[in-house]
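Have a look at the structure first, then read on.

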Amino acid sequence: MKFTQTFLLLPLLALAAGRSEDFGARCAGRAAIERVYYNHRLGEKPPFEQVLPPATLENLVRQDLRKEAALKQAYGVEVTPAMLAAEVQRITTTTRASEMLAEIKAALGNDPARFANVFAKPILVERLLREKFDNDDALHAPQRCTVEMVR
């Protein structure tokens with residue numbers, strides 16, 4: 001019986017380890033991006049680790065993951081590879097800070113997949129979530145009704 005329980009738990013543990021590994025990679029990527037932004041700030045500044053400790057970076061990554069889950073759960077929208085590729089293309093072609101974008105890509109190891117997942121995906125999810133929220137008639141109906149009654 002113990003062998004069977006252990007045998008069944010192994011895939012679950014491997015899945016959880018993969019998620020934490022992915023989370024760790026996202027945190028490392030987010031730290032690399034934030035460090036590029038930090039290095040471009042002017043004036044005297046405390047050390048990077050003091051401004052953005054690991055716990056803060058982890059919270060930022062968790063927020064990104066919650067936004068992605070909310071987009072999927074509330075609006076049924078899941079980011080596809082095609083959507084992500086289009087977002088990367090949009091960022092690349094419309095940036096006004098191409099040198100900084102090149103630094104961010106270099107900080108992420110010039111890995112297109114890592115750049116797409118760590119940099120472009122949170123931007124895309126944020127934009128889609130705001131767009132869906134702003135245009136959610138059912139969600140805003142009570143306020144709209146109140147405003148129309150006042151008007």
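Turned away from the buried side of helix 4 is a face that carries the exposed residues Ala 82 and Thr 93. Here, buried means under 20% relative accessible area, exposed means over 50%, and partly exposed is in between, with a 1.4 Å probe and protein chains only. Helices are DSSP runs of H or I with at least four residues, strands are runs of E with at least two, and both are numbered from the N terminus.

Before going further, a word on where this comes from: the model is predicted, so local features need pLDDT of at least 70 and side-chain atom pairs count only at pLDDT 80 or more, while totals for chains, interfaces and linings use all residues. Residues are numbered from 1 along each chain as its sequence is written, and side-chain values use heavy atoms, with hydrogens and water left out.

Back to helix 4, which covers residues 81–94. Its 14 residues reach 20 Å from the first C-alpha to the last, close to the 20 Å expected at 1.5 Å a residue; that expected span is 1.5 Å times one less than the number of residues. Its buried residues are Leu 84, Glu 87, Val 88 and Ile 91. Seen down the axis of helix 4, these buried residues fall within an arc of 100°, so they line one face of the helix. The arc is taken over the directions from the helix axis to the C-beta atoms.

What covers that buried face? Helix 5 (98–107) and helix 6 (112–134) are among what covers the buried residues of helix 4.

Now for the packing. Two packed helices are described by the angle between their axes and the distance between the axes. Axes are lines fitted to C-alpha atoms, for helices over the stretch in contact, and angles run from 0 to 180 degrees between N-to-C directions.

| Pair | Angle | Axis distance |
|---|---|---|
| Helix 3 and helix 6 | about 40° | 9 Å |
| Helix 4 and helix 6 | roughly 95° | within 9 Å |
| Helix 5 and helix 6 | roughly 115° | within 9 Å |

The labels go by angle: under 35 degrees is roughly parallel, over 145 roughly antiparallel, 65 to 115 roughly perpendicular, and the rest oblique.

Take helix 4 and helix 6, whose axes cross at roughly 95°. That makes helix 4 roughly perpendicular to helix 6. Contact means heavy atoms within 4.5 Å, and on the helix 4 side Met 83, Leu 84, Glu 87, Val 88, Arg 90 and Ile 91 meet residues of helix 6 that include Phe 115, Ala 116, Phe 119 and Leu 124.

Is Ala 116 buried or exposed? At 10% relative accessibility, Ala 116 counts as buried. Leaving aside neighbours within four places in sequence, Ala 116 is in contact with Leu 84, Val 88 and Lys 121. Ala 116 and Gln 89 are 27 residues apart in sequence and 9.9 Å apart in space, C-alpha to C-alpha.

Helix 5 and helix 6 are also roughly perpendicular to each other, and their crossing is right-handed. The contact is made by Leu 101, Ile 104, Lys 105 and Ala 107 of helix 5 and Arg 114, Phe 115 and Phe 119 of helix 6. A crossing is left-handed if the near helix is turned anticlockwise from the far one by less than a right angle, and right-handed if clockwise.

In the loop between helix 5 and helix 6 lies Asn 110. Its phi is near 50°, a positive value in a residue other than glycine. Most residues other than glycine have a negative phi. Asn 110 counts as exposed, at 58% relative accessibility.

Helix 3 (residues 54–75) is oblique to helix 6 and passes helix 6 in a left-handed crossing. Among the residues making the contact are Asp 64, Lys 67 and Leu 71 of helix 3 and Val 125, Leu 129 and Lys 132 of helix 6. Ala 74, also found in helix 3, is exposed, with a relative accessible area of 57%.

As for the whole chain, there are seven helices and zero strands. Buried residues make up 25% of the 151 residues.
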